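Dear colleague,

Please find the structure below, handed over for your use. My notes on what was found in it follow directly after.

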Amino acid sequence: MNRYCTSGSIQHWKEFKSNIHIAKRKFFNDKIYKISSSNKRPWDLMNWVKKKSLPTIEFISYKDQPCNSLLELWHALHSLYNSMENRPINVSFINKQPQADQIQWLSFSKQEFKDAIAKCSALLTPGPDHISWRHLKSLITSDRCLIKIMQIANACINLEYWLSHFKSSNTVVIPKPNKDSHNSPKSFHPIILLNTTGKLIKKVISNCLQFHLSANSFLNSHQFGSIQQCSTTDAGIYLTHLIRAGWLKQYHTSVIAFDIAQFFPSLNHYFLSLCLKKVGLNSNVIQFFNSYHSNHPTSYSWNNLSSPLFDVVKDGMVEDRGTE
């Protein structure tokens with residue numbers, strides 16, 4: 001392996017694979033000889049009896065009812081992770097916000113795509129299209145491939161349509177760590193995997209949208225989460241400033257940290273459209289996001305089991321957290 005890393009020669013790579021094959025064969029031949037000649041128990045070479053593993057779903061209950069079948073499990077997961085759909089909200093407070101001037105949404109550039117993909121780790125799990133970030137990084141080195149992806153992204157905005165191929169996802173359910181019991185769907189965490197090419201386009205659109213929101217002062221200056229040039233260090237500096245300012249006034253500062261459960265899946269699409277309109281985005285962009293937020297089919301994966309597709313048509317947003 002050292003010779004191959006130094007030279008990069010295909011011949012050295014073949015020699016390395018050959019030596020691995022020889023070493024494996026020698027190891028297993030020695031094992032077989034030891035078992036058949038020394039302890040005289042040839043049945044040790046195979047698993048005659050194995051413990052019967054019970055399906056995990058036999059221990060899962062939802063709303064005090066056990067999930068006795070796969071279909072009940074899928075419906076329990078779908079109901080839990082989409083519990084906020086179709087709930088009415090009061091959006092009257094958005095009318096108090098001033099209407100910004102209309103923004104001209106420009107076509108995407110090559111550099112925007114290169115900057116967006118440069119931050120993506122090649123080790124992240126691919127989505128249903130089985131394209132990894134490593135493959136996509138290799139593809140966009142070709143101007144021809146990059147221009148094709150740019151044309152798809154620009155066409156989506158101009159046609160006010162997000163392709164159904166990019167909407168399909170796979171929701172992988174994994175157990176939450178440090179839980180005493182995993183007998184409820186709430187003890188598991190959903191990781192939603194989207195198609196990688198669509199994620200790249202979405203990252204570029206997100207960066208453009210954040211730029212427009214910041215340029216129009218639509219974002220709170222003290223918002224640090226997922227905001228460019230607002231890191232964890234900035235949040236710590238701001239918190240330290242508040243504490244020291246309180247000390248000068250003889251105040252005792254307390255910090256309350258909390259997590260809003262199901263926050264991203266609970267976002268209302270109509271409310272998001274009003275926000276985009278207030279910030280000055282034109283009708284093409286608003287209609288594109290309306291298309292983006294509708295009709296998201298997803299399948300659930302539990303261990304080695306997979307569910308049929310479920311339609312996620314709701315007043316919520318599909319949260320892509322699995323590969324970020």
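**Findings: the cavity**

The count comes to 1 cavity of 30 Å³ or more, where a cavity is a set of points on a 1 Å grid over the protein atoms alone at which a 1.4 Å probe fits but cannot get out. This is a predicted model, in which local features need pLDDT of at least 70, side-chain atom pairs count only at pLDDT 80 or more, and totals for chains, interfaces and linings use all residues. Residues are numbered from 1 along each chain as its sequence is written, and side-chain values use heavy atoms, with hydrogens and water left out.

The volume of the largest cavity is about 50 Å³; grid points are joined across faces, edges and corners, and a volume is the space filled by probe spheres set on the points. Its lining consists of W162, F166, K167, L194, G198, K199, K202, Y292 and H296, lining residues being those with an atom within 4 Å of a point. At least two lining residues come from each of α7 (164-167) and α8 (196-215), and α8 gives the most, with 3 residues. Helices (H or I, at least four residues) and strands (E, at least two) are DSSP runs, numbered from the N terminus. By class, the lining has 4 nonpolar, 2 polar and 3 charged residues; Ala, Val, Leu, Ile, Met, Phe, Trp, Tyr, Cys and Pro count as nonpolar, Asp, Glu, Lys and Arg as charged, and the others, Gly among them, as polar.

**Helix packing**

Helix α8 also packs with α4 (residues 110-118), at an angle of about 110° and with the axes 9 Å apart. Axes are lines fitted to C-alpha atoms, for helices over the stretch in contact, and angles run from 0 to 180 degrees between N-to-C directions. The two helices α4 and α8 are therefore roughly perpendicular, a term that covers 65 to 115 degrees. On the α4 side, E112, F113, A116 and I117 meet L200, I201, K203, V204, N207 and C208 of α8, contact meaning heavy atoms within 4.5 Å. That contact has 7 nonpolar, 1 polar and 2 charged residues.

A second pair is α6 (residues 143-158) and α11 (residues 283-292), which pack at about 100° with their axes 7 Å apart. These helices, too, are roughly perpendicular to each other. C156, I157 and N158 of α6 make the contact with N284, V285 and F288 of α11. Its residues divide into 4 nonpolar, 2 polar and no charged.

**Individual loop residues**

S109 is placed in the loop between α3 (70-81) and α4. With a relative accessible area of 32%, S109 is partly exposed; buried means under 20%, exposed over 50%, and partly exposed in between (1.4 Å probe, protein chains only). S109 and I147 are 38 residues apart in sequence and 9.1 Å apart in space, C-alpha to C-alpha.

S187, in the loop between β3 (169-175) and β4 (188-194), is buried at a relative accessible area of 9%. Apart from neighbours within four places in sequence, S187 contacts P175, K176, K179, S181 and H182.

Two residues other than glycine have a positive phi. Q250, with phi near 65°, lies in the loop between α9 (232-248) and α10 (269-278) and is exposed, with a relative accessible area of 66%. N295, with phi of about 55°, is in the loop between α11 and β5 (296-302) and counts as partly exposed at 46%.

With kind regards

Terms used
1 Å grid on protein atoms, 1.4 Å probe; cavity = no way out; pocket = protein on both sides within 12 Å on 5 of 7 lines; lining within 4 Å. Parallel < 35°, antiparallel > 145°, perpendicular 65-115°, else oblique.
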